[in-house]
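Hi,

Here is the structure I promised you. Please open it next to this email and follow along.

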Amino acid sequence: MKYENLPWLILFLPLLSVAVITLFTLRSKTVSSLISIGAVVTGFVMTLLFINANGFQFSGETSANWLSIGGLQIDFGLKLDALSMMMLLVVTGVGGAIHIYSFGYMHDDESMARFFAFLSLFTFSMLGIVLANNFLMMFIFWELVGVSSYLLIGFWFEKPSAGDAAKKAFVTNRLGDFGFLFGILMVWGLLGSLSFSALQTTLAANPALLGASATLAGLLIFCGAMGKSAQFPLHVWLPDAMEGPTPVSALIHAATMVAAGVYMLCRTLFLFNSESLHLISYIGGFTALLAALMAVQQNDIKRIIAYSTLSQLGYMVMTVGLNGPTPAMFHLTTHAFFKALLFLSAGSVIVGMHHEQDIWQMGNLRKKMPITFLTFTIGTLALCGVPPFSGFYSKDAILTQALAQKSYLLFGVGVFVAALTTFYTFRLFFIVFFGKEKSKAASHAHESPLVMTLPLIALAVFSFAGGFIGITNNYGSQFVNHHEALSMAQQFTEPFNNLFPMACGLGAVAVGLFLAYSLYNNAAADPLPTKLGGLATLMKNKFYFDEFYEATFIRAHDFLAAVADWLDRWILEGAIIGAIRGGTDLSGRALRLAQTGNLQTYAFLFVLGVALLLYFVLGK
Amino acid sequence: MHVSLHHYLFVSFMLFSLGLLGVIMRRNLLVIYMSLELMLNAANLALVSFSRFNNKLDGQVLVFFIITVAAAEVAVGLALIVALFRKRQSAHVEDLTSMKL
Amino acid sequence: MSILTYIAGWPLLAALALVVVPRNYRVIIRAIAVLATLISAVLAVKMFAQFVPGANGFQFEQQIPWVESLGISYHVGVDGLNVGLILMGAIVAFAAALCSWEIQTREKEFYILLLLMTGGILGAFASLDLFFFYFLHELALVPTFIMIGVWGRGEKKNYATFQITLYLSIGALIALIGLIALYLQSGANTFDIPKIIEHAKTNPLSLNAQNFIFPLLLFGFGILVSLWPFHSWAPLGYGVAPSPTAMLHAGVLKKFGLYGLIRIALPLLPQATQSWAHVIAWLCVGNILYVGWVAMRQKDLNLLIGNSSVAHMGFIFLGIASLNLIGVTGAVLIMVAHGFLAALTFALSGYIYKQTGTLQISELGGLCRKLPFIGTALLMAAMAGCGLPGFANFVGEATVFFGSWKAFPTVTVIALWGALVIGGIYMTRAIRNILHGPLPEKWNSLVDASNVWRKLPYALLIVSLLVFGFIPKLLTEKINPDAQKIVALATGNLVSATAPGASPLNFVAQNK
Amino acid sequence: MNSSLIMLEISVIGLGLVLMLADLFVPAERRRFIGYAAIVALGVLLITSLSGNGSCGQFGTAFGGMFINDGLSLLFKQLFIIAAILVLFMAAEFSDKLAAGSVAEYYSLTLFALAGMLFAASSNDFTMLFVSIELITITFYVLVSFQRSKIQSLEAGVKYLILGALSSAFMVFGIALIWGTTGELNFTKLAAVAPQFADSQMFLLGVLLVLVGLGFKIAAFPFQIWAPDVYQGAPTPTTAFLGIGSKAAGFVLLLRVLFTAVPSVTAHWANLLIVISAITILYGNLCAIPQRNLKRLLGYSSIAHAGYLLLGVAALSASGQSALMYYLAGYVFTVMAAFFVITLVMRHLPSEDISGLAGLHQRSPLLAATLTIAMVSLAGIPPLAGFFGKFLLLKALIDTAHLTHNHGYYCLAFTALIGVVISLYYYFGVIREIYWGKNPEDLSPIEISSPAKLSLAICLAGIFWIGLFPDTVLNITNLAATALGK
């Protein structure tokens, strides 16, 4: 391949910036942030260089041995193909935009340098996941992503809620990682290798190798995705993660980290057999539905978007499960654009509202912040899947895939969720930007500086055009054996080739839009609770998952810990060791009673001893 | 009646045991001390009778040693007991329990 | 004169020198101690760099007959198994000497004891003679006792001091009986480990002898390593110990028993080892899971660290129990990594204690604001503690998992849970309650580690962790060949130990 | 017969007499110098004996086989002389607490006891055995009760007197029985005929009664009962000498009787010895746990050490005997060091309660370190004498165990292990008192006279030398052990 060293640079520049910032430039905000931004932007440029040098169809690996112990051969290797290169673009591109945005957003935070160090660390880890060419390396960066998100969520660590959210995210991810590593071990034990390509060839040669444990292995690997991509039942951490600064929410919890799970599934798709894929698809669909329902009743602008992220991720996972990696990755990419856009716009709104996040305090902001209003609108339309915005194409691809797989239930779910999505998004949209100001802050809101709005515009462009600039081609070349590339025009009209799914999609949008408009245009308060009653409270309280886990998982561990601690303290330390100690001491005190100090007794004991001796030897 | 070695030995055993009983039973240091001498002499008797019956002289030689040593022991011992009596105004073993346990 | 003799000798020499230095020359005393440990650390690095991986036999060897009639000789040398340990020990000792600034009373005695301990344990790791192996390790017993007793903290001090001392000597004596029995049974009539191993190749120990000796070594050493259920001394003792002592003891001394098992028990008692492997593996569960839970429950930072370090021992035992190249290599990796980590954590807790006068987690909170450096270091330590990639511990633990997966899948999964989930829970909880959250009023006066001397020990240890975490080859390529020899002796066949090339099929074959 | 063999003994006794005479001419305040003179003389004797051209250097028998000079006796004589020298040093420090002006008597009595020990070391005949033991014991009656002003000293003396006399009565009777049955008093001759009498109850009874006497001297169970009281009551130098000299004398005689005189009988008594030493170890260590009086504590610990030393006897092997002697060699210096510190620290205190040690590390770092080292060595921890001794004992024991397949030996080894751990508790308790003892009432520095410093140095040197460079001593003890065999 040409420019063999570029990928290494792309990967390690952010790490370098972490090192430089932490070691030298922690004092200076600006320098640090510039270093970090520079790293990621350079990465973006290099990626472009590399791609137009090698082209998208190219696929290659470059690796160096990292660890080699007898049968355990672990390379530190980079895998470059359409999949990873596309993701490189997304991570560095969207990431770059977000970095720049944060420069404005975080400007008056005194520990901005630390923030950018963490951001670079995250970029490094994410790039690692994308480029990894074997399981263990992917796991390594998997963990690193986990910890950097932990650091970023807990960035404002004085806030107890932030600390808790970080902890929750970390532990929940750890649960997923447990399954992931478990699966990795299992695969390694059966196939004897960790490198994706080697595994693929091995399996292609002899599909029966995984044997009975194929399904189990697949599901265990999926656990990893479950954690990172916040799929049911490990979805609980994502909404809380909104405690982090908004750029973080955009970068990690919209564009990249949460996408890692889906990416990993596509990367290792060859491992999964039909049973495991089946289950995965249903988990995905269920997550999509659940999250959408939850989103309907949230009032925190960021949380609403977070839940919509959840449900979109559900879409993607479902699609992978439906054996459609191409649409899944397609949606992942477009979603990265418009969701980042939404988050950043929301961030701009929040800044404009002086860090007020409750949508019922806003209203009529389209006057105060026109640019933000525009970008937000584009994001919303893309999210809902209004043609010709990018979301429309990817969502349509998903629905088509569902139909093609004859999985009608999931198709139905997809359509219904599409409707819900439109509903809650426009609910947000109307409440925030239309109607009358619902608070003083709203009336004094102001537009954000250029450094923040520029990235918005850039992202807006992609959210608009992402659908027909050939993303599917690139992914298709990866997954479909003889994939014929479509011209841009063909792509533009592609959905209209089979009308039914598209029609359903658009219908869903229409319904959602109509409902949202009728309920929330100029609404001062949420009318829904009165209409839905119990269901609404259920939605509002996220179906009580947190409480449920609190009561089961956490409680169980604390209980076991208490038991173990009790045993340690009272049985082991207290009873056993205490008994030995006390027993020895007591026997000592008892024995020395023989030393009465009375000569007579001594003489007697002496003679007794003689008698004993004689008996012992001669008596028998 | 013919007196054999065993009769002598029996006597010396008796003497020895008597001395032993004295040591264990009696409370007065001096009496205890006398009983000890009795035990020594029981040994002497045994030795003498042995040498008489084995027609060997080493036993009797050893007896002389024992007597001498016993004399020295008595000398030291009595002095000690007297010194103690001076301090304590008593030669009873129950009073000698300032150190115990 | 072997470089190893110098590495172990300088601290001892310095200890002797300190005896004659008047006690009020505090600076000089401190300087001598730091210098001596620095020298041996530098020498250790040099030795580590010059070490030739896979060279036949031992390197930097030196042998001086000591007691001919018994076949005892002063014999030092390194191979892949102990080269890393000696490096780790020397660095940790240097860090401990640097951290001893927190000792303000009776420095003279303290440094003498510290140096004694250091020299002893470094010598023990270097020695290839059963007798000296034990002899030098025992040098640390009295220093530990006096250090904890005089400079320890907390009201349970006396109790803990005696418990740790008695517990450790029980273990040591049981092991001693085992070693003597080994010496007699081997019939080689020498205490020289390589000679015994050579001799055992031709005429191995009888099965009875093995089954008699192995438990002695296992539990004797096990007690020294706080193998469950003989672990309770460790958290207690480290809870009250002054941090330099805790650093040396938890970091370096604790590895002695494990090293002994690998160096002595595996090659000389193969059958017994194989038949006991299951027992060891299941005892690990006690360490990893049970002690992990106990750690979740601790209210005192030092107790938490102590318990977590006990839990880490479980992974090492698991690696040893798996009895294959990967597992044993992983075990040695963790031994080195955990040495740095334990030292780091105890150094940090010592700093916090020095600043706040308490380690009650409930008392602390939000320290990251006032102590950015220490806070970050503690965060890194905690992350390394729950097996975060990038730190050496992860490499070790992952390797152990890969190794033990073949031998004990169930235990491995439990260990995974302990490493990823339980470890994650208590570490993040600790961070949340100590570093995160609002800063209580009373801690506004805290000062961070400011000058370079204060920062150096922590930085040194973190760097070591990162270096071996990023480039594990540095260690593994040294460990591998010798671990392979050991495993070959322990399992009696070379095939299962190494699968060169790792083609899928022969792995499947091995699983069968 | 060549009387040149006993020149050493003769000169020691002569020295004692000279000191007594000197007492008449030297003014009271100068009398401690008599002691130094004696020390010098003994030093000369020691050096000659070491250099080999002294009387005890030349091997052979005298008095028709009653008296023998061999490796065993040589080793023990050297130990005895060293012990005596250190005791004299100690006595010089202690002199002001002794009965006024009678220091010289104390010195000469010490020398007479020494003479007794020297004779014991080379006695090869029951007559000699009896006489030497009595010489030791009777002198000790006086030495123990020497602090006539102190009731405890007298009481200890009387207790020692009565029980000592009792034990010697038993012993004499035993000798009588042995002689009566076999007609032999000489060990070597006896060894030849003993096998015939192996199942004669009377003979065995005799041997056992002799063992009773020796068991009393080494304070082994069940004849240990006297030790704590006497150790506590006696003047500290006497206690030291008692704890080493007379114990060692007991052991040398025990070795001679068991392995020279009646080896054929001993061979059947493995279990007896195992049980005795096991119980002795446990008794001594357990009773010591709650003990607060330092001298009494060491009394109990000396019982325990008798037990450890008996391991070497129980091993019934040359290596065991050599280990025993090695351990004794280390024990001499260790115990001397301990008692020396006690003398220096506690001579002005009403009682020897451990709390008197509090703050010692400030009052005198040297003494603190010395006592610590002594305790550590007693506990048997590297790199000190006690460790290597215990190591050798354990080794010999396990060796026998694995040769004879007698599992009793393994049990004994573990009992010893338990004993060591228990002993750690109280020895380290002493160390704790030294370094972090609660509220010391007296922090005035202790001034140490140069002779005291010298002797402390000797003790420490001995402890470290025997712990670190075992080769020389080990060769000597091996030689001695072989001497026993033939």
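Helix α14(C) is mostly covered: 22 of its 22 residues are buried. A buried residue has 20 or more other C-beta atoms within 10 Å of its own, an exposed one has 12 or fewer, and a partly exposed one falls in between; C-beta atoms are placed from the backbone. Helices (H or I, at least four residues) and strands (E, at least two) are DSSP runs, numbered from the N terminus.

Just after α14(C), Leu323(C) takes a positive phi of about 55°.

A word on the source. This is a predicted model: local features need pLDDT of at least 70, side-chain atom pairs count only at pLDDT 80 or more, and totals for chains, interfaces and linings use all residues. Residues are numbered from 1 along each chain as its sequence is written, while chains are lettered from A and ligands numbered from 1 in the order in which they are written.

Now chain B. It has three helices and zero strands. Its radius of gyration is 17 Å, well over the 13 Å that the globule rule gives for 101 residues, so chain B is more spread out than a compact globule. The radius is taken over C-alpha atoms, and the rule is 2.2 Å times the number of residues to the power 0.38. The C-alpha trace of chain B spans about 50 × 25 × 25 Å along its principal axes. Of its 101 residues, 37% count as buried.

Chain D has 20 helices and two strands. Its radius of gyration is 21 Å, close to the 23 Å that the rule gives for 486 residues, so chain D is as compact as a globular protein of that length. Here 69% of the 486 residues count as buried.

How do the chains meet? In chain B, 32 residues are in contact with 31 residues of chain D. Contact means that the C-beta atoms of two residues, placed from the backbone, lie within 7 Å. On the chain B side, α3(B) gives the most, with 15 residues. By class, that side has 24 nonpolar, four polar and four charged residues. Ala, Val, Leu, Ile, Met, Phe, Trp, Tyr, Cys and Pro count as nonpolar, Asp, Glu, Lys and Arg as charged, and the others, Gly among them, as polar. No contact joins chain B and chain C.

Best wishes
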